[in-house]
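Subject: Structure handover

Hi,

Here is the structure I said I would pass on.

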Amino acid sequence: MALTLKFFVITIAILALTSSPSTASDPSPLQDFCVAVNESKETVFVNGKVCKDPKLVTADDFFRPGLNKPGNTSNQLGSIVTAVNVNNLPGLNTLGISLARIDFARRGLNPPHTHPRGTEVLVVLKGRLYVGFVLSNPGPNMKNKLFTKILNPGDVFVFPEGLVHFQLNVGKTNAIAFAGLSSQNAGVITVANAVFGSDPPINDDVLAKAFQVDKKVIDNLQEQIWWDNN
C-alpha cells in the first residue's frame, strides 16, 4: 500500500512538471509594455484591447476593404506596408492573427526590421523579391547567420518571431507581397529608425563605438532619418 501511494505521488509530480509550461504560463504581451498600477483611476488599458459587448457586435467589426488597392511607394525606400491588425480591424481582437500588404517600386526595399510579437509568413503575388533574416547572437567568435532566398510569384517564405528580416525588389517591375502574422498586433521595430532616429537620440559615443565609425557618420545618419520622418 505504501509503495503504491509513493508511486502515485511521484506520477502526479512528474505530470505537474511536464504540463506546467503549457497550462500555467503568463499571457503573451500585446504591446511594448503594460505597467501595473494599484489605483484604478490610473488605469489606461489592459494587455490588448477590451471587448465590445457581444450584443452590439456587427458584421462590420470583422470587415475591412481596400487591400486590392496599391500603396503609395513614392518615398525614400520605395515601399509601403498596409497593415491590417487589431487597430483597424476590431474583430481580430484575441484571435492572434493579422496581415499586411507590401508594395514595392522597382528596387524598393522593406528595410531590416523585427516583429517582437509575431512570426511572419510572406507570399509573393507579383514581381521578384530578395528576402532574408538574421539569426540571434551566436556563441563567442561566431557570426550571426544570414538566410536568404529569391522569391517569385507564388513563393512563400517564413520569418521567425523577433528576428531581423528584410525584402528587396530585384525584379524589373513593381512587386506585391502579402504577409500573415501570428499576432493581432505583432509590432514592428525598424532597425535604422530605432537606433539612429530615437527621441531623444542615443548618445553619439554609444553609437560610434557600437558601429565602429566616426561620430560624423552617426550625425549624418541621424540627420537623414530625421528628414525622412519629418
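**What I found**

Let me start with a pair of residues: Arg-101 and Asp-103 are both buried. They also form a salt bridge with each other, and the closest N and O atoms are 2.9 Å apart. Keep in mind throughout that this is a predicted model.

The salt bridge count comes to 2. In the other bridge, the side chain of Asp-61 meets that of Lys-52, with an N to O distance of 3.1 Å. Asp-61 has a relative accessibility of 14%, so it counts as buried. Lys-52 counts as partly exposed because its relative accessibility is 45%. As background, side chains of opposite charge can pair when their charged atoms come close.

**The overall layout**

The protein chain has 4 helices and 10 strands. Going along the sequence, the pattern reads α-β-β-β-β-β-β-β-β-β-β-α-α-α. Of the 230 residues in the protein chain, 27% are buried. If you take the contacts between residues at least 6 apart in sequence, 71% of them join residues at least 24 apart.

**The annotated site**

The UniProt record, an unreviewed entry, puts the feature "binding site" at Asn-110, His-115 and Glu-120. Asn-110, His-115 and Glu-120 are also part of the lining of the largest pocket.

Asn-110 sits in strand 3, which covers residues 109-114. With a relative accessible area of 9%, Asn-110 is buried. Setting aside residues up to four places away in sequence, Asn-110 touches Ser-79, Val-81, Ile-102, Phe-104, Phe-166 and Gln-167. With Gln-167 there is also a polar contact, side chain to side chain, at 2.7 Å.

His-115 is in the loop between strand 3 and strand 4, the latter being residues 120-126. Its relative accessibility is 10%, so His-115 counts as buried too. Once residues up to four places away in sequence are left out, the residues His-115 touches include Glu-120, Glu-161, His-165 and Leu-181. Ala-186, Gly-187 and Val-188 are also among the contacts of His-115.

Arg-117 lies in the loop between strand 3 and strand 4 as well. Buried or exposed, at 12% relative accessibility? Arg-117 counts as buried, because 12% is under the 20% cut-off. The Arg-117 side chain reaches the backbone oxygen of Asn-185 at 3.0 Å. Neighbours within four places in sequence aside, Arg-117 is in contact with residues including Pro-29, Leu-30, Gln-31 and Asp-32. Its contacts also include Glu-161, Ala-186 and Gly-187, and those three residues are among the ones His-115 touches.

**The sheet around strand 3**

Strand 3 and strand 10 run antiparallel and are joined by 2 bridges. Across from His-113 you will find Thr-190 in strand 10.

**Strands 4 and 7**

Strand 4 pairs with strand 7 in the antiparallel sense, over 4 bridges. Val-121 has Val-158 in strand 7 as its bridge partner. Strand 7 (residues 156-159) has Phe-157 and Phe-159 on its covered face, while Val-156 and Val-158 make up the uncovered one. In general, side chains in a regular strand alternate between the two faces of the sheet.

**Helix 3**

Which residue reaches the backbone nitrogen of Asp-205 at the start of helix 3? A side-chain oxygen of Asn-203 comes to within 2.7 Å of that nitrogen, and the helix covers residues 204-211. After helix 3 comes Gln-212, which has a positive phi, near 55°.

Cheers

How values were computed
Residues numbered from 1 in each chain as written. Predicted model: local features only at pLDDT ≥ 70, side-chain atom pairs only at ≥ 80, totals over all residues. Heavy atoms only, no water. Salt bridge = Lys/Arg side-chain N within 4 Å of Asp/Glu carboxyl O. Buried < 20%, exposed > 50% of the residue type's maximum accessible area, 1.4 Å probe, protein only. UniProt positions renumbered as here; feature names shortened; annotations may be inferred. 1 Å grid on protein atoms, 1.4 Å probe; cavity = no way out; pocket = protein on both sides within 12 Å on 5 of 7 lines; lining within 4 Å. Contact = heavy atoms within 4.5 Å. Polar contact = N/O pair within 3.5 Å; in protein donor to acceptor, adjacent residues only side chain to side chain. Pairing = 2+ DSSP bridges.
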